[in-house]
Amino acid sequence: MSTENTPPQDDNLVAASQAEPEVPPTDAESAAESAGKRKIQLNPLGSEDARAVPSLGGAATPAANAAPVSIPAANDADVEAAIAEVVSQVAAPSAKDATPPGPAEAVEIPGAEPIEASIEAAIEAAMTGGSLPDSAAPIAAPATDLEQLTPGQKISGVVQSVSGDSVFVDFGLRLSGAVPFRQFDAKNPPKVGDTLEVVFDKIDEAEGLIVANRPRGTSQVKGDWDSIAPDQVVECVVTKTNKGGLEVTVSRLRGFIPASQVEIGFVADLNVYVGQKFRVRVTEVNPAKRKLVLSRRALLAEEREALKVDLLNEIQPDQVRTGRVKTIKDYGAFVDLGGMDGFLPVAQMSWVRIGHPSEVLQEGQEIEVKVLSIDREKNRISLGMRQLSANPWRSAEDKYAQGSTVTGRVTRVEAFGAFVELEPGIEGLIHISELEHRRIKRVTEILNVGDTAEVQVIEVDPKKKRISLSAKALKEKPPEMVRPKDEDLSPGKGQAYERKRKEPLKGGTGDPKQRGGLFGNPRDFNS
C-alpha cells in the first residue's frame, strides 16, 4: 500500500494501526475476565468529563487510566468492526447486574364473585327506571334531585322523629332533613307523623342531612367561618352604627349591614336599631378577608311578597282592618296592611275638617281603617277612617231645625264670612252680610278664630253638607238703622183717608139725568 497519497493521520492512530490485530474474546472469556479487565476507551487522551456514560444496565464507571483502544489498520472494515466491539462493551451491563430474561409467567385473573339477587335487582331497576322490590327499597333513587333544591325554597315533609335539638323530617328524597327544635313552640312541639312546610337551607354532606328551617326560622352559626355560607338566614345583634350602615355580630363573627339593606325604604336614623336582634340573609362571605355582609331588606322583601299574595286573596271592600301608619304626606297617609300599603286621603280621615294629616295621625301609629276600594291590577287599596264613626250629617236636619238658636266656635275666617263648628264634623257658615245690621268691610271686625258665637239657623242642606247661619238675626236694629215705612212718608202720615163730599159723583152708569159723558167721547163736548 502506498503512503504518498494517504492523508496525514494522528500519531496515536498510526501506532494503533501498526499494532497486531487482537482476536475478540468469546462470551465465556469475557465473563471470566470482566472482574479484572479494564474497560477500553475510545479516546484515551480525552478528559474524564468526556467519558461515555452507559445508559443501559448498571455498568461500572470506567477507570481513569484505562488502556487505549487497539484498532487494526488493515482496512476500513476492520476499523468499523473494532468500533462496534467497543460500543457493545460499553452498552452491555455487567455480569453481576444483568439478569437474563426468563420465560413470561401467566398472570392469574380472579374470577367474578356472585352478586346478591336483591342488589342485582335494584341495579337493574335503577337502570331501566322500573319499580324496586321491597328488599331493595333502601337504595331507591330519590324522587327529586337534591341538586335542584335552592336556598329559600319551600319543601314539605313528614316528621319522622324528635330527638335532642333536632326534628327529623322525611321529604321523600335520598336524604332526610333536620330542623332545629328551638324554632318550634315548646308548649306545642311537633309530633311524629305531622306534615311540616319548611325552608331549605343547605345539605350537610358530613352528617348526610338536609338542613332546613321553619319559614321564619334561622340557622345557628357555631362561630367559625365554615358554618356560614351565602343565602343562609341567621340572627344577628346590632352593636353600633357607622356612616355606611350597621355593625352586627353573628355568634362570634363580626358582620356588616349596609344602610340600604336595613329596611325596604329609606331610614334616616340608624341609631334606633342599636341593641336590636333580627333575622338577616347572608349575601357575601370571605373568610380570607374576614368579611361578612348581610341583608335584612332581602328577607323583608321575601316575606312581604308572600304576605301580599295572601292579602290580595282575602281582602274585600267594606272590610275593617288594622294597619300601621307608614308615612305621612300633605295629601294623606300610607298605611301598612301587612304585605301592601293602602292610601288614606286626608278627606277620609275625619268628619272634622283638618289642615294636615299630622293633626290626627303619627308615623308608626296603629289604626283601624275601612277598605273603600281595591284595584288588583294596579295593586292599589283606598282606605277610609271616618267611616268607622257615625255620620253627623244624617241627623243634622232634625237636630238643627230652621229658626233655632245654636252656639258654636269660630274655626276659620274668610273674606266672605266665618265658619262656626256646631259639633265635631258639622260646620256652618255666617255670611259677612249676616254678621251685623250695618255694613262691615272685614269679618275680623266682628269675629275671629276661636271666638264663641251665638247664631240662628237659617237653612240646612244635608246633601250638600251646608248650614247657613245668621248672627244679626238675634240682634235688634239700632234706632238710626230703623227706616220709616212708605205710608208714613205720605201727606196723611199714615192715617186712613176719609171722603169729605157727600153728593154723588158725576159720570158713571147711574141716573141718566145726572151722569156725565164718558171720557174720550167727543160728542159729549159738543155745544
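User: How much of the protein chain counts as buried?

Analyst: Buried means under 20% relative accessible area, with exposed over 50% and partly exposed in between (1.4 Å probe, protein chains only). Of the 527 residues in the protein chain, 27% are buried. This is a predicted model, so to speak a computed one: local features need pLDDT of at least 70, side-chain atom pairs count only at pLDDT 80 or more, and totals for chains, interfaces and linings use all residues. Residues are numbered from 1 along each chain as its sequence is written, and side-chain values use heavy atoms, leaving out hydrogens and water.

User: Which residues of strand E2 lie on the covered face, and which on the uncovered one?

Analyst: In a regular strand, side chains alternate between the two faces of the sheet. For E2 (residues 166–170), Val167 and Val169 make up the covered face, while Ser166, Phe168 and Asp170 sit on the uncovered one.

User: What does E2 pair with?

Analyst: Two strands pair if DSSP finds at least two bridges between them. E2 runs antiparallel to E1 (residues 154–163) over five bridges, with Ser161 opposite Phe168. E2 also pairs with E3 (residues 176–180), antiparallel over four bridges, and there Val169 faces Gly177.

User: Where do the turns show a positive phi?

Analyst: The E1–E2 hairpin has two residues between its strands, and Gly164 in that turn has a phi of about 65°. The E2–E3 hairpin has five, with Gly172 at about 75°.
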